[in-house]
Amino acid sequence: MNNLLLEIYGEEIPSSSQILIEKQFQILFKELFQENEIFFKSIETFSTARRVTLVAENLPSKIESKKIEIRGPQVDANQNAISGFLKSNNIKELKKLETKKIKNKIYYIAKKKSEEKEISIILEEKIPQLLRSIKWVKSMRWANNNDRWIRPIKNILCVFKKKEIKFEFAGIKSNSFTFGNYYFDHKKIKCLDFITYKKNIKKNYVVLDKKDRKKMILDKIEKFCKRNDLTFEIDNLLLESVSSSVEY
């Protein structure tokens, strides 16, 4: 399986902004894959108070070349239009074009092969553009760069096929490591796939999925109430806020 793993790690992300960035990651990466004809099985997004993570599963290694037809001017068009079409498609002779009838009009057709493209190269080029297109309600710049984010970014993890995807955004160069819960440690954690990533950050006190954090919080409260003969009244808004404000 060729999976893409992206994590943007930095300073505290407000709860509302976590929801926003997860939704935008879903939309923008789907658009990126569709526009570039990259097939994928699924896209999942996660967020904590310190990071937003995306994993896209079952991507191909490359986009295979295929035969394509490029429609040119009509056969009775002026010579400038025909010459321009030949030149733009790097074709030297008119006889190398074919003709095709479309809606009772006959057009010149150029048949070519599309270029084979490595997915990793597309990702290196497109991900920084995608990150710059995020529409925050409020955002900020810091240091000497012009890129904007909700809070200053400390690290960018990006791997595909267990290899680093190299790009730069907001003055940060992407790599293949992340960090655990900053309250406990600051060591680098190497991650080359999503399974290893999720397991390693959990060892370092980061529960990636908000649903899991909510369950842990409720379980601890219920145990506490049971020990102390108390009744717990759930405030769902407060629970949502707390689970978004922590990583563990």
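Let us begin with Y205, which is partly exposed because its relative accessible area is 36% (buried means under 20%, exposed over 50%, and partly exposed in between, with a 1.4 Å probe and protein chains only). You are looking at a predicted model, in which local features need pLDDT of at least 70 and side-chain atom pairs count only at pLDDT 80 or more, while totals for chains, interfaces and linings use all residues. Residues are numbered from 1 along each chain as its sequence is written, and side-chain values use heavy atoms, leaving out hydrogens and water.

Y205 sits in the loop between α4 (194-203) and α5 (210-227) (helices, H or I of at least four residues, and strands, E of at least two, are DSSP runs numbered from the N terminus). Its phi is near 65°, a positive value in a residue other than glycine. Most residues other than glycine have a negative phi. K103 also has a positive phi, near 50°, and is placed in the loop between β6 (98-102) and β7 (105-113). K103 counts as exposed, at 78% relative accessibility.

F184 is found in the loop between β13 (177-179) and β14 (188-190), and at 53% relative accessibility it counts as exposed.

Now step back to the whole protein. It has 6 helices and 14 strands. Its radius of gyration is 25 Å, well over the 18 Å that the globule rule gives for 248 residues, so the protein is more spread out than a compact globule (the radius is taken over C-alpha atoms, and the rule is 2.2 Å times the number of residues to the power 0.38). Along the principal axes, the C-alpha atoms fill a box of roughly 90 × 35 × 35 Å. Of the 248 residues, 42% count as buried.

I43 has a relative accessible area of 9%, so it is buried. Leaving aside residues up to four places away in sequence, I43 touches Q26, F29, K30, F33, L54, V55 and A56 (contact means heavy atoms within 4.5 Å).

What about charged pairs? Side chains of opposite charge can pair when their charged atoms come close. The count comes to 17 salt bridges, each a side-chain nitrogen of Lys or Arg within 4 Å of a carboxyl oxygen of Asp or Glu. In one of them, E116 pairs with K62, with the closest N and O atoms 3.5 Å apart. E116 lies in the loop between β7 and β8 (117-118) and K62 in strand β4 (residues 62-63), so this pair ties together parts that are 54 residues apart in sequence. Another salt bridge joins the side chains of E125 and K126 (4.0 Å, N to O). Salt bridges that share partners also link E69, E98, K100 and K111 into one network.

How many disulfides does the structure hold? There are 0, where a disulfide is a pair of cysteine sulfur atoms within 2.5 Å. For C191, the nearest cysteine sulfur, that of C158, is 13 Å away. C191 counts as buried, at 1% relative accessibility.
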